[in-house]
Amino acid sequence: METKEKIQEIAEEVGGHIYEGYSGRGMFGDKCFGVVCEDANRCLEVAGSKNIRGGKIDNMGLQMIVYWPRLKSKVEVE
């Protein structure tokens, strides 16, 4: 299963949505996969159960994003 599909499964399981092309703190413009959700801890638990570790959390105002800097995405910014 591809990385994007795994992240999509996590998003669906926690009631969130995938964010492809997120650039978190300290990533210096690199893009990675993330999941926008209400409960970041639950998202990290689900990801861990799928052997996806190393997630980081940022606040997006009303929601949180869990992102994985090592899981690079290829989204181009226009």
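# A chat about the cores, helices and strands

Visitor: Which residues have the most contacts inside the largest nonpolar core?
Guide: This is a predicted model. Its largest nonpolar core has 15 residues. Those with the most contacts inside it are Ile7, Ile10, Val35, Cys43 and Trp68.

Visitor: Which elements supply at least two residues of this core?
Guide: Helix 1, strand 2, helix 2 and strand 4 each do. In general, nonpolar side chains tend to be buried together in soluble globular proteins.

Visitor: What is cysteine 43 in contact with?
Guide: Leave aside its neighbours within four places in sequence. Then cysteine 43 touches Ile10, Val14, Val35, Cys37, Val66 and Trp68.

Visitor: Let's move to helix 1. Which of its residues are buried?
Guide: Ile7, Ile10, Ala11 and Val14. Seen down the helix axis, the buried residues fall within an arc of 100 degrees, so they line one face of helix 1.

Visitor: What do they pack against?
Guide: Strand 1, strand 2, helix 2 and strand 4. Strand 1 covers 17-22, and helix 2 covers 40-49.

Visitor: How far apart are the end C-alpha atoms of helix 1?
Guide: They are 17 Å apart. Helix 1 has 12 residues, 3-14, and at 1.5 Å a residue it should span 16 Å, so the two values agree.

Visitor: What follows helix 1?
Guide: Glycine 15, with a positive phi near 75 degrees.

Visitor: Now helix 2. What caps its N-terminal end?
Guide: Aspartate 39. One of its side-chain oxygens lies 3.2 Å from the backbone nitrogen of asparagine 41.

Visitor: Which residues of helix 2 are buried?
Guide: Ala40, Cys43, Val46, Ala47 and Gly48. The buried residues of helix 2 pack against helix 1, strand 2, strand 3 and strand 4.

Visitor: On to the strands. How many bridges join strand 2 to strand 4?
Guide: Six. Strand 2 is residues 32-37, strand 4 is residues 64-72, and they run antiparallel. Glycine 34 stands opposite tyrosine 67 of strand 4.

Visitor: How many bridges are there between strand 3 and strand 4?
Guide: Four, again in the antiparallel sense. Strand 3 is residues 56-59. Asparagine 59 faces methionine 64 in strand 4.

Visitor: What do strand 3 and strand 4 form?
Guide: A hairpin, with four residues between the strands. Glycine 61 sits in the turn and has a positive phi of about 90 degrees.

Visitor: What about aspartate 58, buried or exposed?
Guide: Aspartate 58 is buried, because its relative accessible area is 9% and the cut-off is under 20%. This residue is found in strand 3.

Visitor: Which side chain makes a polar contact with the side chain of aspartate 58?
Guide: That of tyrosine 22, at 2.6 Å. Neighbours within four places aside, aspartate 58 is in contact with Tyr22, Gly24, Arg25, Met64, Ile65 and Tyr67.

Visitor: Back to phi. Where does phenylalanine 28 lie?
Guide: In the loop between strand 1 and strand 2. Its phi is positive, near 55 degrees, and phenylalanine 28 is not a glycine. Most residues other than glycine have a negative phi.

Visitor: Is that side of things buried or exposed for phenylalanine 28?
Guide: Phenylalanine 28 counts as exposed, at 78% relative accessibility.

Visitor: What about asparagine 51, buried or exposed?
Guide: Exposed, with a relative accessible area of 64%. Asparagine 51 is in the loop between helix 2 and strand 3, just after helix 2. Its phi is positive too, about 60 degrees, although asparagine 51 is not a glycine.

Notes:
Residues numbered from 1 in each chain as written. Predicted model: local features only at pLDDT ≥ 70, side-chain atom pairs only at ≥ 80, totals over all residues. Heavy atoms only, no water. Pairing = 2+ DSSP bridges. Expected span 1.5 Å × (residues − 1). Buried < 20%, exposed > 50% of the residue type's maximum accessible area, 1.4 Å probe, protein only. Arc of directions from axis to C-beta. Contact = heavy atoms within 4.5 Å. Core = buried A, V, L, I, M, F, W, Y, C linked by side-chain atoms within 4.5 Å. Polar contact = N/O pair within 3.5 Å; in protein donor to acceptor, adjacent residues only side chain to side chain.
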